[in-house]
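Here is a short briefing on one protein structure. Look at the sequence and the model first, then work through the points by topic.

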Amino acid sequence: MGRNTIRLTHSAHSLHGTVELTGSKSESNRALIIRAWGGDNVDVVNLSAAADTETLKHALAATAQEANGDDRTVIDVGPAGTAMRFLTAYLTTCRGRYLLTGSERMKQRPIGILVDALQKLGARIQFGGVAGFPPLAIDGGFEQATDTVTVKGNVSSQYLSALLLIAPTLPKGLVLRIEGELTSRPYLTMTLDMLREAGIRHEWQDDTIRIAPQTAQPTRLVVEPDWSAASYWYSIAALSREADLFLPNLKSHSLQGDAAIADIMKQFGVSSSFADGGVRIRKVADNAAADVGLLDFRECPDLAQTVIVCAAALRRDLSFTGLHTLKIKETDRIAALQNELGKFGVTLIEEGDVYHLRTEGFNADSDLCFDTYEDHRMAMALAPLALVFESIRINEPEVVEKSYPDYWKHLKQHGFIIS
């Protein structure tokens, strides 16, 4: 067993109690950018403890001091994808000269679409290495050339959110035209709703969003707990014999697209009831609905690994779509899923835009050791399999710090034995 490997077992298969989740990483990172340009008018409550949010917070603190002379302030976001996208846009509006870089994987994740849009607006930003990818050399201070840009909507909603988050600060505002299908619409809606909470008005008609130059109004942005983190507990409930868990402060009408997990998991025998300031999730049926149709993750791609692994463990032959963005995440999440599911005889077959899960080869006798591919969501999606197999091992478990640093601690609190 490697130095960075843990073994998980769970003998009781019955879970009860309360899980206190960290604040939403998605909401926190948007709130930090709004606070950065909103100044004393914007107060933020319940920030995420995730490493990605800490990275963005420290990076924004570094921008508070203008770079001196010809020296560039180096800002290294490591593997934090949201921080890379949001800072790419935000730093173009700041005084100073910056080199924005990240981990080796981050240097392989495309950002050309966002850079092209910013350059058209008038931003002074260049690629510091391979065209289309970080690192980025940014000379801050915006001399706006136009107010209108067109951006593809089916690559990453974070490109669109990054532009919208700086739109109120631009001298001419922003007219953002979305080309083609829009992926992850709830994340774009979240961005606009949080801007609205800070007093920023917008118009969204058909494929065009308009934001005029504005200043933030006095506001308190309260970050909801993370529905992405909640999704792992839904999977745990679905794979347990008995579960009755309370997740405080989660809302039935959430800004987060990943709240869709509550509806998806009805089909896996898990109920949700919102009361007492949170959501109670219960295991109510074994392997509930026989036919759930085609599960579409276009609006909630971060749920895909959780649901696919859970379906595989329940031996449900299902089909999925809306997975196209998974190949450019922290890892190629499609390839990672195919590799790890294959370790217990399950296949994920690509057929155009649709993926088919096939479980006829399911093997429950394997001594399973899973790899995580420097991807927090792989580790957390695979961990509930300890409820299905006698024990499992997970390599590089520390990757969970990216979004849910207390994950292993919380599992121990609810009966998982981790060694």
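The side chains of Arg298 and Glu181 meet in a salt bridge, with N and O 2.6 Å apart. A salt bridge here is a side-chain nitrogen of Lys or Arg within 4 Å of a carboxyl oxygen of Asp or Glu. This is a predicted model: local features need pLDDT of at least 70, side-chain atom pairs count only at pLDDT 80 or more, and totals for chains, interfaces and linings use all residues. Residues are numbered from 1 along each chain as its sequence is written, and side-chain values use heavy atoms, with hydrogens and water left out.

**Salt bridges**

- Arg298 and Glu181 link distant parts of the chain, 117 residues apart. Arg298 sits in the loop between strand S16 (294-296) and helix H9 (304-313). Glu181 sits in the loop between strand S9 (174-179) and helix H6 (185-197).
- Helices (H or I, at least four residues) and strands (E, at least two) are DSSP runs, numbered from the N terminus.
- Arg298 counts as partly exposed, at 36% relative accessibility. Glu181 is also partly exposed, at 37%. Buried means under 20% relative accessible area, exposed means over 50%, and partly exposed lies in between (1.4 Å probe, protein chains only).
- How many salt bridges does a search of the whole structure find? The search finds 21.
- Asp139 forms a salt bridge with Arg72, and their closest N and O atoms are 3.0 Å apart. Asp139 lies in strand S7 (residues 136-139) and Arg72 in the loop between helix H2 (51-63) and strand S4 (73-76), so the pair ties together parts 67 residues apart in sequence. Arg72 is partly exposed, with a relative accessible area of 29%.
- Lys343 pairs with Asp371 in a salt bridge, the closest N and O atoms being 3.2 Å apart. Lys343 is in the loop between helix H10 (333-341) and strand S18 (347-351), and Asp371 is in the loop between strand S20 (368-370) and helix H11 (376-382), so this pair ties together parts 28 residues apart in sequence. Lys343 is partly exposed at 30%, and Asp371 is partly exposed at 31%.

**Buried places**

- Is Asn29 buried or exposed? Asn29 is buried, with a relative accessible area of 0%. Its place is in helix H1 (residues 25-38). Asn29 touches Asp52, Thr53, Leu56, Thr82 and Phe86, not counting residues up to four places away in sequence. Contact means heavy atoms within 4.5 Å.
- Leu121 is in helix H4 (residues 112-121). Leu121 is buried, at 0% relative accessibility. Leaving aside neighbours within four places in sequence, its contacts include Phe142, Ala145, Val149 and Leu163. Asp147 is another contact of Leu121. Leu121 and Asp147 are 26 residues apart in sequence but 6.4 Å apart in space, C-alpha to C-alpha.
- Why is helix H5 (residues 157-166) largely enclosed by the rest of the structure? Ten of its ten residues are buried. Among them are Ser157, Tyr159 and Ile166.

**Partly exposed Glu401**

- Glu401 lies in the loop between strand S21 (392-395) and helix H12 (407-413). Glu401 is partly exposed, at 45% relative accessibility.
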